[in-house]
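I opened this structure to look up a few local features. My notes are below the view.

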Amino acid sequence: MGRVIRAQRKGAKGAVFKSHTKHRKGALKLRSLDYAERHGYIQGVVKEIIHDPGRGAPLARVHFRNPYKFKTDKELMPVAEGMYSGQFVYCGKKADLVIGNVLPLRQMPEGTVACCVEQRIGDHGTFARTGGNYVTVVAHNDDSGKTKIRLPSGAKKSVNSKCRAMVGIIAGGGRMDKPMLKAGRAYHKYKVKRNSWPKVRGVAMNPVEHPHGGGNHQHIGHASTCSREASAGRKCGLIAARRTGRLRGQTGKSLKDD
């Protein structure tokens, strides 16, 4: 019997593969949906724009006056390109279409670029949350109350028109354009994320450590695909692949166009 392979150890509780969350600033969210947002708008001020370790995009600390109690609500919100500290942001149905404002999709004209879009009403934002990403409003259907949006992947999706989104593109784009150049930079990048670098290839291991290991030359020695129902120690390579290889010919062309 072979060893417990790396993929199995990653799935186990604890161990050395846990996320490094000690210095993280918190979860990125739109503010909770309330009466003020559903029927009018509420004003907030961007107190500061901060870096969150392990996250490519910056975060904004936004302060809102609580509509019901004498206190200040402090929210960690996404930063759209062009936002700055001291800026007033408005959230609600009657907010203007200005970068940094949060409003329902049905208030945005077709072609609007938005980010941190909700999948379901009041879920605080699900789509387009990483640096440089955005969603495009494609069409509104007033009869069904749905809005069609184009996701960063290129896929189109219909969501409820009452779902909220922030106007603009998430800040911090182009981060991946610059090459790493040296191992030290990769080390510091993954140090704040989790233990996922450097990654030893399966073919470079011994047979006891990985299904791809062993042999006089570094080769897999059998199909790189495996079944969805394969046992945990066997499940590596291309899992339940529908197809493999390069996209070639007319099929590849049509898939790329879609």
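These entries cover ring contacts, a hairpin and a histidine.

**Entry 1: aromatic rings.** I noted that the model is predicted. I then searched for aromatic pairs and found one. Y41 and Y90 make up this pair, with an edge-to-face arrangement. I read 5.7 Å centre to centre and 75° between the planes. The angle is over 60 degrees, so the label edge-to-face applies.

I placed both residues next. Y41 sits in the loop between helix 2 (35-39) and strand 1 (42-50), and Y90 belongs to strand 4 (residues 88-91), so the pair ties together parts that are 49 residues apart in sequence. I also looked up accessibility. Y41 has 49% relative accessibility and counts as partly exposed. Y90, at 25%, is partly exposed too.

**Entry 2: a charge over a ring.** I checked F64. R31 lies over the face of its ring, 5.1 Å from the ring centre.

**Entry 3: the hairpin.** I followed strand 8 (residues 146-150) into strand 9 (residues 156-160). They pair antiparallel, over five bridges. K146 has N160 of strand 9 as its bridge partner. The two strands form a hairpin, and five residues lie between them. In the turn, G154 has a positive phi of about 100°.

**Entry 4: H212.** Is H212 buried or exposed? I found 9% relative accessibility, under the 20% cut-off, so H212 counts as buried. H212 lies in the loop between helix 3 (183-191) and strand 11 (225-226). I listed its contacts, leaving out residues up to four places away in sequence: G202, V203, H219, I220, H222, C236 and G237.

How values were computed: Residues are numbered from 1 along each chain as its sequence is written. This is a predicted model: local features need pLDDT of at least 70, side-chain atom pairs count only at pLDDT 80 or more; totals for chains, interfaces and linings use all residues. Side-chain values use heavy atoms; hydrogens and water are left out. Rings of Phe, Tyr and Trp (its six-membered ring) pair if their centres lie within 6.5 Å; planes under 30 degrees apart count as stacked, over 60 as edge-to-face and the rest as tilted. Helices (H or I, at least four residues) and strands (E, at least two) are DSSP runs, numbered from the N terminus. Buried means under 20% relative accessible area, exposed over 50%, partly exposed in between (1.4 Å probe, protein chains only). A charge sits over a ring if NZ of Lys or CZ of Arg is within 6 Å of the ring centre and within 35 degrees of the ring normal. Two strands pair if DSSP finds at least two bridges between them. Contact means heavy atoms within 4.5 Å.
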